[in-house]
4 protein chains.
Amino acid sequence: MSRSVRVAVVGAAGYAGGELVRLLAGHPSVEIASVHAREREGLPLANELPHLAPLGLSFTDGEPEDVEVTFLALPHGASAAQASRLLDRGITVVDIGADFRLRDADAYATWYGAAHPAPDLLADAVYGLTEWARDALRGTKLIANPGCYPTASLLALIPFARAGLLDGDVIVDAKSGISGAGRGAGPAYLFTELTESTRAYGLGGHRHQPEIEQGLADAGARMHVTFVPHLVPQSRGILATCYLSLADDVDDDALAAVLRRAYDAEPFVHVTDEPPTTKQATGSNHAYVHARRIGEARAVVISVIDNLGKGAAGQAIQNMNVALGLDEAAGLAGLGIHP
Amino acid sequence: MSRSVRVAVVGAAGYAGGELVRLLAGHPSVEIASVHAREREGLPLANELPHLAPLGLSFTDGEPEDVEVTFLALPHGASAAQASRLLDRGITVVDIGADFRLRDADAYATWYGAAHPAPDLLADAVYGLTEWARDALRGTKLIANPGCYPTASLLALIPFARAGLLDGDVIVDAKSGISGAGRGAGPAYLFTELTESTRAYGLGGHRHQPEIEQGLADAGARMHVTFVPHLVPQSRGILATCYLSLADDVDDDALAAVLRRAYDAEPFVHVTDEPPTTKQATGSNHAYVHARRIGEARAVVISVIDNLGKGAAGQAIQNMNVALGLDEAAGLAGLGIHP
Amino acid sequence: MSRSVRVAVVGAAGYAGGELVRLLAGHPSVEIASVHAREREGLPLANELPHLAPLGLSFTDGEPEDVEVTFLALPHGASAAQASRLLDRGITVVDIGADFRLRDADAYATWYGAAHPAPDLLADAVYGLTEWARDALRGTKLIANPGCYPTASLLALIPFARAGLLDGDVIVDAKSGISGAGRGAGPAYLFTELTESTRAYGLGGHRHQPEIEQGLADAGARMHVTFVPHLVPQSRGILATCYLSLADDVDDDALAAVLRRAYDAEPFVHVTDEPPTTKQATGSNHAYVHARRIGEARAVVISVIDNLGKGAAGQAIQNMNVALGLDEAAGLAGLGIHP
Amino acid sequence: MSRSVRVAVVGAAGYAGGELVRLLAGHPSVEIASVHAREREGLPLANELPHLAPLGLSFTDGEPEDVEVTFLALPHGASAAQASRLLDRGITVVDIGADFRLRDADAYATWYGAAHPAPDLLADAVYGLTEWARDALRGTKLIANPGCYPTASLLALIPFARAGLLDGDVIVDAKSGISGAGRGAGPAYLFTELTESTRAYGLGGHRHQPEIEQGLADAGARMHVTFVPHLVPQSRGILATCYLSLADDVDDDALAAVLRRAYDAEPFVHVTDEPPTTKQATGSNHAYVHARRIGEARAVVISVIDNLGKGAAGQAIQNMNVALGLDEAAGLAGLGIHP
């Protein structure tokens, strides 16, 4: 508790950046040294995000100074260059953007439509799905925070991958709240367009698919994943419904046991007896997972997270905590908000 | 147009029954002779459903009298007995409940937990997925209106089944608005519980699964269907995301062609170039379907309907129109409501 | 029924214009000759408004041709010039924009920040709050369709104004769904910003205030109106809560009697025994009003409408019907959509 | 920080009780000794409120034991008897129900329809609108936590009452999220009934009206208040729009100055330059107030709170902190959740 880590948040005018500020403001070992957003230097943070008004912060000009850690909440392509400069100055970088998630620069080029801006850094970046990356995270200077869909999907799938139960056929049907589209989303994301509306998107391929496949490969299951994201009319939350073909025909108890072995000691991942709701995770860093046998040699595994919590800002802080040797749960005590 | 069919709606205090009344009130060849609901005899319909106040209707006591058609919007188990009495009196019955959907009385017993109340009528009932049942519907006296999920799922799947393209592996991940749970839903369906919440349910088996399998078998594809329904925080609408294994590896154009061959002449089923939204069907009898190749020899087919429209009351009226030889689209001119 | 009126809709890519098309498509005496929207000539209407896809319409280039009536759904300032040209060609104009609502060109300049674009037409325009303007509407060529808030407010207030009961103090606290802001609304109207959010706006003065005051003056009550609009997280609907000081201390029955005398013969305005909900009007041209004594010599009068129905497109069609001598309710049979 | 206060929450299965548990779990000087709910003894709290699952709490049988403070979140009539027993045992009671809000037992009988269950305790209860009651709160053993509407209304009105600016005419038009109706709300509160719906209620008189009048009288302004509550389709949040007649005609700056004098030193009440939104308070103990001149000698004052935060559980904890001499903001660091 006595230690105080000075941090900066870059991209603090967006939803993920704002959530970082909200959570960091309650972190017992953190001092928010500065918040940054393009073209808003000197203006009050509350102009953009009125719920943060009580903090009295304003956007700072220039690069973060005199900080130990910087969180980057920037569009892909924008964070790599800044990360490079910050790392050169000895600052730990937690990138909640996409630039360091795929370890393969060619895959990045394929999926993000441009050469990777800093390919030499890729080998140093630790992919921070915290529960499965603690050893690598300790002491690291560059954290690639997982995407929201991969976080939900991999928390559901990795236990089965590591148990050798996956048998070549995974479908992830994911449902996300609208906040995943960000504050810069266009007219298609107006309230009037989205209320009473559910739809699929990204059928031609979504950047989170190779990230899920990379995570499964790391867990020993190299396979194609069919990934179809959907938008549902709520602000926060992801529910990933994962359909697995199993190597063995295992019953409900055995499926639950696989999840419990993986997560029973975890503070933020909980195995539930009933299918979880996105709402029970809202505003928190908690994830809920549930598995069920369905048909023969098939299972459905469901996980829920708050896309801005465990799917972005929460996990970013969890990762910083591990990297710096702080209490992993510090600043993350908040439970879901209900109702 | 000159003809006027006298109809009754039984179960008019519920959501599907109320939607029937709303639509029938605008049907150019229909006169609503009476509306019925248990324990509400003599009371104004507007007490239950204020949006119908301008009609000035009250609930009628007893069985429908002096009508040509009766719509039954009752819980399963309740409609069969009443249907039997109405048929004996020569009245055409459109059952939007579940009693006549499964043709096999044993399957009914398995899935509905009780012996079928009128097994002798099962052979007479026509399963009214209109677009695929017109010949059988003409002149029939007993229509089994399909369930909401089966309607959405089968509209997506039947064209591929009939084209011989299905290859033994169908997953239907369905998302439904809350109205599917009905006006009698319990405290888990309070606004406060469901806003900002998406969840799966029925993982242990849902009664609409055998109905989808029956519909596929009728189309030549006898197979197991994995069916997982979800609730999303909106009042109306179903989006069914169907994952198919294909017998051939066909491209996007060929997939679209399968749908277009099936539906291009249809007034209520539309093939879209982009993934459709539930909202574009809200309040209407229209369905929108879309197909896309995904991975190798796989496809995703998406369909949207209003669960109370094409998924219940709209299709019921469409079926009545066909059965009686009226204009099939009569009373169903309403488009989706947006925004 | 045999007559067919050819109409055009200008501004058909917006919410009010789209609602006009939706309703006109079901009007028994209307043929939609063309739909228009700037910079979208030749493109399918369904690109903008997918719920209208079944109509198969595309935007037409240029001015409406060969039509009897044109509906203008344009921003203020834009409709006056076009109206002038259309009137010169003998076409009846229903302007659902703001240009002809205030009869006083100076008031227009004050509230709309520019000189009136066609002041010579102001004297010809009929302010179309249908229930109180039928005589003037018959045969008119230029209809100023009332604003959404004034429609809700004046339906509540005029009966009391005409009864001489208003005593110099009216407050209208209005709550509106988001669709009132239009399809062109900016980032503050994203789903994520507005869900779970209610707020007041326009505290410095709203253009609908002088329109309400003009309507009251026409009904014999010249007075200042305090008008505070709010946004509530729903797509459609306006609820106006009107606080009146009464010249006499009248009881609930007398208040209801004032409303009933005004509206009991009306097809679209209904006096309710309980406070109405916005939802019961959704998608329809119906309005619901309710009055209650509160404190001494005070009353609260509540009205609800669909801002796009009776508050815009519905009333526009009602006005056209009256102007052309058609059945006033033609094309407006649709009831509220529930749930 | 070193001190640890053992507390119990009675009525923890409801929304306000659950919010108390959520907040108390993060209070640095509190230990939750037990949670209680009728007929749920021994069962996991997570059965009722899954978002609290990570706490691992179960409901305790019987009365709270070995605690310093008990929070009562019970229906009116139920808390008084239990409060009496707890006080006898020296336990500090924070009643977030209604039993001790009205100081006058006759007024209680009038508005709550029964004789007060413990009239002898009324004189000891401190009405805990914290910002205006700190001196009385210190060391008190019985705290009457204000109602949600009175909290929002009085925060807006008291500064003007104390400044002698109120002139005999106050109207409070309040908009509330649905959670105010509680977890036990009936079928009228289903998601399907309330989405897309705004309505007024309580026109015949609401129990929070005399509470607002009592608060104003305490601030030197004895007057009738017209109070009309509304439900808006969101889970949390209250926006109170207060219309005042002013003794003097003061401008916007002077109005803002009145609020700033009252609240500039307050950690939880903030004066805003723009009309606040309910969303910026969601999940927090913060309140936002804003004033504006409107017409002559009139003002509108708007305040927003989270009805479960500052309007219930948050303020209850703030009051406990003051009563016990803890840091007033302890456990209440959480900011609003956005988006």
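This report covers a chain contact, a helix pair and a sheet in a predicted model.

## Contact between chains D and A

Chain D and chain A each give 24 residues to their contact. On the chain D side, the largest share comes from helix α1 (residues 15-24) of chain D, with 3 residues. By class, that side of chain D holds 11 nonpolar, 12 polar and 1 charged residues.

## Helix pair in chain C

Helix α6 (residues 148-162) of chain C packs against helix α10 (residues 309-324) of chain C, with the axes 8 Å apart and at an angle of about 100 degrees. Angles of 65 to 115 degrees count as roughly perpendicular, and α6(C) and α10(C) are therefore roughly perpendicular to each other.

From α6(C), the residues in the contact are Cys148(C), Thr151(C) and Ala152(C); from α10(C), they are Lys310(C), Gly311(C), Ala312(C) and Gln315(C). The residues of this contact comprise 3 nonpolar, 3 polar and 1 charged.

## Sheet in chain B

In chain B, 7 strands make up an open sheet of mixed pairing, in the order β8-β9-β7-β10-β13-β12-β11. Strands β8 (199-200) and β11 (269-271) of chain B are the edges, each pairing on one side only. Within the sheet, β12 (residues 287-293) and β13 (residues 298-305) of chain B are antiparallel and share 6 bridges. Ala291(B) has Val301(B) in β13(B) as its bridge partner.

Helices also pack on this sheet. Helix α8 (residues 208-218) of chain B touches β7 (166-176) and β9 (225-231) of chain B, and its direction makes about 135 degrees with that of β9(B). Helix α9 (residues 252-263) of chain B touches β11, β12 and β13 of chain B, and its direction makes about 155 degrees with that of β12(B).

Technical notes: Residues are numbered from 1 along each chain as its sequence is written. Chains are lettered from A and ligands numbered from 1 in the order in which they are written. This is a predicted model: local features need pLDDT of at least 70, side-chain atom pairs count only at pLDDT 80 or more; totals for chains, interfaces and linings use all residues. Two residues are in contact if their C-beta atoms, placed from the backbone, lie within 7 Å. Helices (H or I, at least four residues) and strands (E, at least two) are DSSP runs, numbered from the N terminus. Ala, Val, Leu, Ile, Met, Phe, Trp, Tyr, Cys and Pro count as nonpolar, Asp, Glu, Lys and Arg as charged, and the others, Gly among them, as polar. Axes are lines fitted to C-alpha atoms, for helices over the stretch in contact, and angles run from 0 to 180 degrees between N-to-C directions. Angles under 35 degrees count as roughly parallel, over 145 as roughly antiparallel, 65 to 115 as roughly perpendicular and the rest as oblique. Two strands pair if DSSP finds at least two bridges between them.
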